[in-house]
Amino acid sequence: MDAIILQILNGLDKGSAYALIALGLTLIFGTLGVVNFAHGALFMIGAFCAVTFSKILHSSYTVIDETKTDFLGNPLKVDMTYVEKWFGNAAGGTILDWAVPLSILFAIPVMIIIGFVMERGLIKHFYTRPHADQILVTFGLAIVLQELIKYFYGANPIPTGAPEMFRGSFDFGALLGFDANTIIYPYWRLVYFVFSAVIIGAVFSFLRFTTFGMVVRAGMADRETVGLLGININKRFTLMFGMAAAVAGLAGVMYAPINSPNYHMGMDFLVLSFVVVVVGGMGSLPGAVLAGFLLGILESFASMNEIKSILPGIDQIIIYLVAIIILLTRPRGLMGRKGVMEE
Amino acid sequence: MLGLNKKDSVLLLVVTLLAICAPFILNPFPTGSAMAQFNAGYPDLMQRFVIFGIFAIGFNILFGLTGYLSFGHAAFLGVGSYSAVWMFKLLSMNIIPAITLSVLVAGVFALLIGYVSLRRSGIYFAILTLAFAQMSFNLAYSVLTPITNGETGLQLALDDPRILDAAPANAGSLPYPSLFGFEMSDTYIMSAGAWQFQFSVGYYVCAIVLLVSFYLAMRLFRSPFGMMLRAIKSNQQRMNYTGLNARPYALAAFVISGMYAGLAGGLMASMDPLAGAERMQWTASGEVVLMTILGGAGTLIGPVLGAGFIKYFENIFSKINDNILHQWFAFMPDGIEDIMVTIVHPFIGKGWHLTLGILFMLVVTFLPGGLVEGGQRIGRLFRRRKTGRNDNADSTDSTKKPAE
Amino acid sequence: MSNNTFTRRGVLRTGAIAGAGVALPTIFTASSAAAYTNEPMGSSVTLGFNVPQTGPYADEGADELRAYELAVEHLNGGGDGGMLNTFSSDALQGNGILGKKVEYVTGDTQTKSDAARASARSMIEKDGAIMVTGGSSSGVAIAVQGLCQEAGVIFMAGLTHSNDTTGKDKKANGFRHFFNAYMSGAALAPVLKQLYGSDRNAYHLTADYTWGWTQEESIVAATEALGWNTVNTVKTPLSATDFSSYIAPVMNSGADVLVLNHYGGNMVNSLTNAVQFGLREKVVNGKNFEIVVPLYSRLMARGAGENVKGIHGSTNWHWSLQDDASKAFVKSFGTKYGFPPSQAAHTVYCQTLLYADAAQRAGTFNPCGIAEALEGFEFDGLGNGKTLYRAADHQCFKDVLVVRGKENPQSEFDLLEVVEVTPAEQVTYEPDHPMFAGGALGECNPGS
């Protein structure tokens, strides 16, 4: 039982990342009709926003420590951060410790600007072009973005820690009334799950309860009619693109402490998030979220030893197997609408 | 000629000529000169151009004609390679049985996957094919290792049975794939002054296969069957209303294109007897999609150009290093030399992906029809210059579909 | 059949081209038959450095490339000579190899067997490389080793740790300086026994590909010989990025040691996840829970940040070694690039020197001559103490380092500390050891 609950937690956690990326992808599909292969790269850039922000916070000056030596035998150069100098060791240390959550503030404007520039500078020329062209251009963009990151940050993963108080794990099972020490779960993974639930909720309520969101939803359903009503739908769609980029970016920022970011993490998630979107049904936001969590949980279950011993290698293929079964039994995914991306 | 109209015959002749003269055309710079870095006329790369050309031609039969975007075509190339290597291990080093088996196995595999996947269309179809290919890749890499030799890739071994072949004279070394005594790795090197040209048996075998494949694809494009496939792309519903079931046609196209991929896989294993699982990864499937779109989807020659373009960058640009840059810019004053090296540095060697990504974006933004359209524009430019009088003369021409 | 007509001009034009084509061969001279593949004819000799420049191991590849450039500089008499001064063989004069200046070409393996072979073939066919070296994974090393055997050039393996490279996939033209999975197990076992006792329950997570399996087999055998019990061995997909669902079952499995048979990105993530789940604070069966990483790479371990502290593993070489050779190498590498070299850099530097030295001693670039000079070659002064290139399987036998993640690193490079130097005798095995059985070296192939 405790094993199953642990795997459900793991699944929800993985699912959060899938759902957030798929949500942004679906927004772009649904509103702009663009297949965005650069969406994984946006997730990756989000994670590197956290890396960059914590680098900025850690910007430092050098003090030479005569008592120690470096690997060549010269006096050791010790880096002192400005933050600690200005705010004192205690306050400065806390700021540095909280670098990742703080970088959300940094990432939102950066991601929205990146989204704007992408849409105005490149994507808008491809609205009327075939999907194949969109794939080629966004794939090219994804390569360029990840190579730029590699050029500046190298290919190795960069450790980006969570704040001290969220490191390590605690006895989650005790909260639910299980025996002590059976369900131990890391803090930050729960933070990640709650965070993504909040973001998903925010996106949905934005679309549901604001006029802006209403127009966008109307545009998703019938772009032409909305245009005929004299509403400048393109401008709103640009904003939507910025928002989708920000959602992917935030998913990346908060993911950084879970697994150290590297430049190809976007490509690792790209294919999976496409599968998630399609399994959820093209153009359906609730579908994308549902499919994200569903695939996350199934993937976690498939990696349990009990299941692997019956079906060796099932954890390698489970996502694709489920995708095939769902697409064959439900022609348009879980919650897809007719006529979207079927031509 | 051969049942082709004039335009197609010319195209086939041009392709034939290019294929025959490739060792010269691809080696324009003298060996040892600074520009020799850009020479592509060595057997391995020439073979790759041709093999990926075949792969892309086959993919285009499906994608260019029917519009069905398969994101799992690399799986067929992979099973083709595995079949061929197994044939080398068990039966004979002759490439004919190996390639025959790869085409057949890939065809059967394509029939199975196609039968299931073609129940859906559009992006749902793409994801189904992707899912099948990724499952094949993941399993080949891990659980199926007894058949595929996993990460390392399936290789020949000294103790393979090879029941049809006579015991080799030299028992301590591996035999090479061959075609009735002609070993694929044999190369005749011709030196002409500073130039060196390499004529490889393997390359010419590939080239002949390419020409046959190209010719068959041409006939297919022009046949009633080809028209039927185009009908699927332009309006499947209307086709259904005329009482025709589109699915068998699409399935036939899928299987044919899968067999082309298997052929490419078999040839690849014949040129270099190793079959690695990475050949089936989604990135490999994506690569052939990119090749086709980049060259010009739906055109005959486009996919071959796209394949050459991508393989050239992968193999030539990745090998340029700072040392070579310094040689190139050595004629400049020291300061400027260093600046030039610094500017070019991010785009070469380990940065070849960056160059490729930028080129993808440029080509697709400015040449919507792919490289083929680029060629046509240049062609039109020359024609316009020749006529010189009427700028509008070609305006009707530009609305035409790209030549096929 | 033909439905097209050539215009007269068209025929003339094609005729002219054909004529030129026929005329050309008269000025050609077929190249003279060489004694072996790519026999260097001019005043220089070309080596092929085939390393991952894209993909997850790109940084390791970059470090290998730096070491290669340094080795070439030293071979040609530049720089401070590095380990040439400490190497026990003094055949090399600093004037290239056999008087020929050393030049090199580089390529990108992409850490894919296919791409690596394409790159190696291009070096051999186009650039006339007489030797190919490099790589950062066993699959690639075995694939390229096979190619070099067929093409008739020497392959000096870079970072490859699988038993198979000099086990069932060994080749007469291939040589490995790096240690292997068996040696990791043999070196770690005594240290683990001393630290954690002989009554332990180990849980293994293993990357699901050939290297992972040989690593698991080796470490399971070594720890079971200590009396440890193996609770479970679980394979994880290579493509996995999040290991939470593999780590979670460890907690209630009754195991008190977790062995991570992972490398590179897999290792960084699985170790990070294991620490996140609080495994290190756990007490099971009255003992502290421990994590072991059999193969450490300092470059990659940096990605795991603080999580490596106190975690034991093995490594081929580490820059903090205090013998003359290591110091000389760290000095010349550090002076040129500003940071200490990785174990990958060290091993490829050694491989280049060993190749050059063998050619010098053999007096030829013929692969068979070089192989003969390397087989059974005993040397010292390359940073690992006394070393033997065993003739039976072309594996180097030398001391293996057991290391631990440092508690108080002084700099970003100061990540590991050497716990013990396991002497070569302790990690030596018979050539027909079951983990290395099958396959044969074959005969050396000099090519054409």
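Student: I'm looking at two helices of chain C, so which residues in H2(C) meet which residues in H11(C)?
Tutor: On the H2(C) side they are Glu60(C), Asp63(C), Glu64(C), Arg66(C), Ala67(C), Tyr68(C), Leu70(C), Ala71(C) and Leu75(C), and on the H11(C) side they meet Ala344(C), Ala345(C), Val348(C), Tyr349(C), Thr352(C), Leu353(C) and Ala356(C). Residues are in contact here if their C-beta atoms, placed from the backbone, lie within 7 Å. This is a predicted model, in which local features need pLDDT of at least 70 and side-chain atom pairs count only at pLDDT 80 or more, while totals for chains, interfaces and linings use all residues. Residues are numbered from 1 along each chain as its sequence is written, and chains are lettered from A and ligands numbered from 1 in the order in which they are written.

Student: How many helices and strands does chain C have?
Tutor: Chain C comes to 13 helices and 18 strands, counted as DSSP runs numbered from the N terminus (H or I of at least four residues for helices, E of at least two for strands).

Student: And what order do the strands take in the open sheet of chain C?
Tutor: The open sheet of chain C has five strands in the order S3-S2-S4-S5-S6, and their pairing is parallel; pairing here requires at least two DSSP bridges between two strands.

Student: Which strands stand at the edges?
Tutor: Strand S3 (101-108) and strand S6 (174-176) of chain C do, and each has a single partner strand, so one side of each is left without a neighbour in the sheet.

Student: How many bridges join S2(C) to S3(C)?
Tutor: Eight bridges join S2 (residues 44-51) of chain C to S3(C), with the two strands running parallel.

Student: Switching topic, where does Met300(C) sit?
Tutor: Met300(C) is found in helix H9 of chain C, which covers residues 298-301.

Student: Why does Met300(C) count as buried?
Tutor: Met300(C) counts as buried because it has 25 C-beta neighbours inside 10 Å, and the cut-off for buried is 20 or more other C-beta atoms within 10 Å of a residue's own.

Student: What is Met300(C) in contact with, leaving aside its neighbours within four places in sequence?
Tutor: Its contacts are Gly264(C), Met267(C) and Val268(C), together with Asn156(A), a residue of chain A.

Student: How much of chain C as a whole is buried?
Tutor: Buried residues make up 62% of its 448 residues. Among the contacts of chain C between residues at least 6 apart in sequence, 72% join residues at least 24 apart. The C-alpha atoms of chain C fill a box of roughly 95 × 65 × 45 Å along the principal axes.

Student: What about chain A, how many helices and strands there?
Tutor: Chain A has 14 helices and four strands. Of its 343 residues, 52% count as buried, and the C-alpha trace of chain A spans about 75 × 50 × 40 Å along its principal axes. For contacts in chain A with a separation of 6 or more, residues 24 or more positions apart account for 74%.

Student: Last one: how many residues of chain B are in contact with chain C?
Tutor: There are 41 residues of chain B in contact with 43 residues of chain C. On the chain B side, helix H1 (6-25), helix H2 (43-66), helix H5 (122-141) and strand S4 (187-192) each supply at least two of the residues that touch chain C.

Key: A residue is buried if 20 or more other C-beta atoms lie within 10 Å of its own, exposed if 12 or fewer, and partly exposed in between; C-beta atoms are placed from the backbone.
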